[in-house]
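Here is a short report on one protein structure. Keep the sequence and the 3D view open while you read.

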Amino acid sequence: MPWATALESLLDASPRGVFLLDADGTVAFADEAAAAALDEDERTLVGRDWYRTAVPEPHRTNAREAFEAVLEADEPTSTSVPVRSADDRPAATVSLEAVPDAEFVVGRFDAPPADQAGAWFDPYRRLVESFPNGIVTLFDEDHRFRVVGGTGFAELSRSPEEIEGKQLGEAFPDENAAVLEPLFDAALDGEENAVTLTPEDRIFEVRVLPLRTATGDVAAGMTVSQDATGRVERQSELREAREHYRALIENAPVPVFVADGDGELVEMNERAEALVGRRRADVLGEHYLTLAPGGEEDRYRALFEDRVENGGTRRYTLDGEQMAVVTGDGQRVPVESSVSVVERDGETLIHAIVKDISEHVWYETALEELHENAGDLVLAEDEAEVAQSIVDTVVDTLDRPFVSVNLFDAEAELLRPVAYSAAVTDLVDGSEPPALELHDCVAGEAYLSGETQSVDDVRLAGAAPDAPLRGAVVVPIDEFGVLVCGHADETPLEREERRLLEVLARNAETVLDRVRREQELRRQERELTEQTERLRQVEELNGHIRALIQLATRAETAAELAAETCSLFSSTESFAFAWYGELTPEGDALVPSASAGDDQGYLGTQSLRVADDAAQPAVRAAGTGEPTVVSNVADGVHGQSWQRKAVRRGFRSVFAIPVTYQGVLYGVLAVYADEQDAFPTPVRDVLCEWGELMGYAMNEIQQTNALLSHEGTVLRWTVRSKDCPLLRVAHDLRCSFRFEGLHRRDDESATAFLTIAADYPGETVALVEDAPGIASVEHLRDTGDGALYQVEFAEAFIATVLAKYGLRLDRIVGRDDGDAYVRVCVPSTMPVHRAVDVVTTEYPDAELVATEPRPDEPAGGQRVEDAFARLTDRQREALEIAYHGGYFESPKAMSGGEIAERMGISASSFHSHLRAAERKLLDALLANSRLSG
């Protein structure tokens, strides 16, 4: 209570010639006598500098030093200094004495002015009234207030006049009076006490003390009450602020260190203790450099000075090294520090928020390793290499041993393991890990959802307690698959580890996308190359086939065509050997009829029996009627003898093509190559087309040879089919049809000249006319064994069906048993078994009942057929109708006009066609006669 102490010292010093100086030497109070001694007005003296006002110039320095010595002394002390007169000369001395517990000095003149008259309390009135920031009262032995004053009344609703003259119990409430009364008594007994009162919500610190005379006797009592409301509130606020400050530091979620301006640690929180692994009691008071790594004090001293000057956040020292603190056990912990400088109570404090960034540094390091390993990842050329690079990176960087990469198999709808770590192999006893399903599976959910999935403890998901893995994290790799990282302990993967796995998965997506695009480009390049090669092969084959087509138009025998075919194909760059074979008459084996190329004796080693289970491709093609390809002869070489023999001779692929026409097998063409997969689809298609063309050519050659042949075989068949109208009529009416002539057209329509022998000719003709597929029936003339008719067929029937194979239908005879038999003429150039195949193929219910030699025809028959081949359709039609209609008989059975009307042409056109046909026939007959004669 500085002011109370000062006032007490003033009153104890003397009632006259006293003054009060504050710590700066400023006059805080001076009585009238002191002011008069300096020739000053007491009102203007207050607030002025004492040394400049009262001390002569030569003595001011000494006076100031004496003043400061008194003020700073630990024990009560006093000193004397000279004061000036009106002419600035030392005129007197004053004694200076420090006020205990206060930064004030009381001064008094050693030779005070003469005493003034007045009542005993009056000299104190002016001092009391001007008492700053408080209230002063003087009371007598009756506890009556004799003098009351002070500036503290400005903050109260009461005035000094309301209190002065009243006793304690009258002036204050009972509760206050009860507190003060014993203290008043004690003061009158010479004791000093203090108490705190709170009138009108203000806080006053009250000192109650005795007032003594010059002789030391207690003359009265005094209270000095200083309004401490503001100070107490400020102290409370300061205390709360400091408590809040400490609470903030202590409860901060990060380590906080506080150092003073010299770097001494003065505060730290619990998290800071955890960071350095030391109790704060062992750290506080030490220099902050004790937390720096050993041998790096200069680096961290420079960093501290820079941070104090510039503040801010740093994680690197000034020379770029990672900042770190050292724990109690010597471990180096990477940190990031945010520094701020504050002033508190006149003291500089450096606050450092120090964050442990071990995980961040680990993450950065791992990320750098990922980027370094990304080089290997980028260099990967296929999906397996990419997957293995991912596995190696996770094992090396994250130190997680259980890793696998499963890529999606779209056909099987499974996530198949493509690469996995050694630890995963150990889990499955050295075998390949199983593929993962898309449903009811964490990996499948991650793949389908495109989001990372995790299982922290598989036991909670229903796994066995002794499961080798406790949990796993599955990261999707876009459309490609998943990355699986498992852990065997109960500690799941950290968040940063999961982030790194996701970063790696994103990198893998880019690389896998690139790999697939490159693979697709390579595949397209290979396909383009293969396609180019195939096109070259196809073009080469097409050139050969064009040559073969030209040959087919000139070839007179099937053997010639087969030989040329084998020769051309074996000379092709892609093929090494070709042969052509035909079935035996029994149809149980193939017989080679032509071959070309270097077979190295291969054909002589082969069993070509159709019933052979291990039959080679040509035999299988003959048996099935379907093309047979073997792209890799060496595949399964130990199972088939023909394969072993082919491999020994360098044959690596084979293609066998059945040569057929209208379902009839003429033979098999087999082509061999010395490379695998030498018969891609386009090549096979071209060869199959040639097989069809060759079958057609073989049929044409067969027909031509049949027409030119003078010999042959007659086959008699029982046919139950009623698909043909003539067969149906023969079945129903038991009549017979003898074929005198047949003219086929390209649209499968035909004109047939039939001699019908029947018991009921009218009914027979009517049935024929009404039969489906017959356009018209015209009677030409009667014969000795029946009647001759011209029948127009709108669609193919049995005679045209057989004719396209080179077989001639001679007659159809209905039998009494309800069946019909047909008589078919087979040329000598056609094997009988092939004719049998033709008939049974077209009419499956036909049954061969007899065969007989066909009688020789006159020598001129060939010339006639040659001549017929030179006629146009109209010329042949005119000639045949005229012949069969009796036009050349005498008398004429049909006139030229009648024939023209039947043909739907004019009579002149008929005669023109007829003369042209006659001329061609005569030319052929006469020319051949001249040549032979």
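The side chains of arginine 202 and aspartate 227 form a salt bridge, with N and O 2.9 Å apart. A salt bridge here is a side-chain nitrogen of Lys or Arg within 4 Å of a carboxyl oxygen of Asp or Glu. This pair links distant parts of the chain, 25 residues apart: arginine 202 sits in the loop between strand S8 (193-197) and strand S9 (204-212), and aspartate 227 in strand S10 (residues 218-227).

The model is predicted, so local features need pLDDT of at least 70 and side-chain atom pairs count only at pLDDT 80 or more, while totals for chains, interfaces and linings use all residues. Residues are numbered from 1 along each chain as its sequence is written, and side-chain values use heavy atoms, with hydrogens and water left out. Helices (H or I, at least four residues) and strands (E, at least two) are DSSP runs, numbered from the N terminus.

**Salt bridges**

How many salt bridges does the structure hold? There are 25. Three of them are listed here.

| Pair | N to O distance |
|---|---|
| Arginine 202 and aspartate 227 | 2.9 Å |
| Arginine 278 and glutamate 286 | 3.1 Å |
| Arginine 823 and aspartate 810 | 2.8 Å |

Arginine 823 lies in strand S34 (residues 820-827) and aspartate 810 in strand S33 (residues 808-814), so their bridge ties together parts 13 residues apart in sequence. Salt bridges with shared partners join Arg808, Asp810, Arg811, Arg823 and Glu852 into one network.

Are the partners buried or exposed? The cut-offs are under 20% relative accessible area for buried, over 50% for exposed, and partly exposed in between (1.4 Å probe, protein chains only). Aspartate 227 is buried because its value is 10%. Aspartate 810 also has 10%, so it counts as buried. Arginine 202 has 22%, so it is partly exposed. Glutamate 286, at 25%, is partly exposed too.

**Strand S6**

Strand S6 (residues 134-139) is mostly covered: 6 of its 6 residues are buried. In a regular strand the side chains alternate between the two faces of the sheet. Gly134, Val136 and Leu138 point one way from S6, and Ile135, Thr137 and Phe139 point the other way.

Which strands pair with S6? S10 pairs with S6 in the antiparallel sense over 6 bridges. Two strands pair if DSSP finds at least two bridges between them. Threonine 137 stands opposite threonine 223 in S10. Strand S7 (residues 145-149) also runs antiparallel to S6, joined by 4 bridges. There, leucine 138 stands opposite valine 147. The hairpin of S6 and S7 has 5 residues between the strands, and histidine 143 takes a positive phi near 60 degrees.

**Helix H13**

Helix H13 (residues 297-310) has 14 residues. At 1.5 Å a residue, H13 should span 20 Å, and its end C-alpha atoms are 20 Å apart, which agrees. The expected span is 1.5 Å times one less than the number of residues. Tyr300, Leu303, Phe304, Asp306 and Arg307 are buried in H13. Strands S11 (256-260) and S15 (332-344) are among the elements that cover them. Glycine 311 follows H13, with a positive phi near 65 degrees.

**Isoleucine 756**

Isoleucine 756 is in strand S30 (residues 750-757). Its relative accessibility is 6%, so it counts as buried. Not counting residues up to four places away in sequence, isoleucine 756 touches Ser736, Phe737, Thr764, Asp785, Gly786, Ala787 and Tyr789. Contact means heavy atoms within 4.5 Å.
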